[in-house]
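Thanks for coming. I will take this structure one residue and one region at a time, and I will keep it short.

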Amino acid sequence: MTVSLLAVVVLVTSGVVAGVLFAVALSVVPALMAMPADRYLYTTNLLGRNWDPVMPILVLGSAAADLALALLSGPGGARTLYGATFVLMLAVAGVSHLANVPINRILRKLEPDSIPDDWADPRPRWRAWHLLRTTLAVVALTANSVALAMS
């Protein structure tokens, strides 16, 4: 029962993480890239308000459930996949914490109406890191799905 419940948890949480990151990459990022800098700053700060507290909980919760499944599953492919997915979700958290979040913190300190003349637009760098974590999350979801099918 515990293993089945954890399998549902990892499938739902990794699916939500991959889906949110994919939607941001597909729609939100191109829209932000097309905006003038002042609108970009204003919009990105609005968008980040609700993601910041929720996404770390989902990512790390999914990683913890994957670790539990790797430890509780019998020997074989599913155990290996759950272990790999644990590492992938930690990588998603790492990219977020070490790359995207620091950029977001810098942006929050800037006023859209008074952008410095020497402002270095972080959008290309933020997008590259976001695409990396999106790819990791989609691979994690795929691994979780295959592991569940193997169980």
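Let me begin with S62, which is buried, at a relative accessible area of 0%. Keep in mind that this is a predicted model. S62 belongs to helix α2, which covers residues 37-72. What does S62 touch, leaving aside its neighbours within four places in sequence? The contacts are V10, T13, S14 and M89.

Now a step back to the chain as a whole. Its secondary structure consists of four helices and zero strands, in the order α-α-α-α from the N terminus on. Along the principal axes, the C-alpha trace spans about 60 × 20 × 20 Å. The chain has 151 residues, and 36% of them are buried. If you take contacts between residues at least 6 apart in sequence, 80% join residues at least 24 apart.

The axes of α1 and α3 come within 13 Å, and they cross at roughly 35°. The crossing is left-handed. On the α1 side, the contact is made by A7, V10, S14, V17 and L21, and on the α3 side by Y82, M89 and V92. By class, those residues divide into seven nonpolar, one polar and no charged.

One is S96, whose place is in helix α3. Is S96 buried or exposed? S96 has 16% relative accessibility and the cut-off for buried is under 20%, so S96 counts as buried. Not counting residues up to four places away in sequence, S96 touches V101, P102 and R133.

The other is L90, which also lies in helix α3. L90 has a relative accessibility of 38% and counts as partly exposed, because that class sits between the 20% and 50% cut-offs. With residues up to four places away in sequence left out, L90 touches L60 and A63. The C-alpha atoms of L90 and A137 are 9.8 Å apart, while along the chain the two are separated by 47 residues.

The largest pocket has a volume of about 680 Å³. There are 34 residues lining this pocket, and the closest to its centre are W51, D52, V101, N104 and R133. Which elements give two or more residues to the lining? They are α1 (2-34), α2, α3 (77-108) and α4 (123-150). The largest share, twelve residues, comes from α2. By class, the lining has 20 nonpolar, eight polar and six charged residues.

Last, A37, which is found in helix α2. Setting aside residues up to four places away in sequence, A37 touches I115, W119 and R123. Which distance separates the C-alpha atoms of A37 and D113? They are 9.5 Å apart, although these residues are 76 places from each other along the chain.

To recap: four helices and zero strands, a left-handed crossing of α1 and α3, a largest pocket to which α2 gives the largest share of the lining, and S62, buried, in helix α2. That is what I have; questions are welcome.

Note on methods: Residues numbered from 1 in each chain as written. Predicted model: local features only at pLDDT ≥ 70, side-chain atom pairs only at ≥ 80, totals over all residues. Heavy atoms only, no water. Buried < 20%, exposed > 50% of the residue type's maximum accessible area, 1.4 Å probe, protein only. Contact = heavy atoms within 4.5 Å. 1 Å grid on protein atoms, 1.4 Å probe; cavity = no way out; pocket = protein on both sides within 12 Å on 5 of 7 lines; lining within 4 Å. Points joined across faces, edges and corners; volume = space filled by probe spheres on them. Nonpolar A, V, L, I, M, F, W, Y, C, P; charged D, E, K, R; others polar. Axes fitted to C-alpha atoms, helices over the stretch in contact; angles between N-to-C directions. Left-handed = near helix turned anticlockwise from the far one by under 90°.
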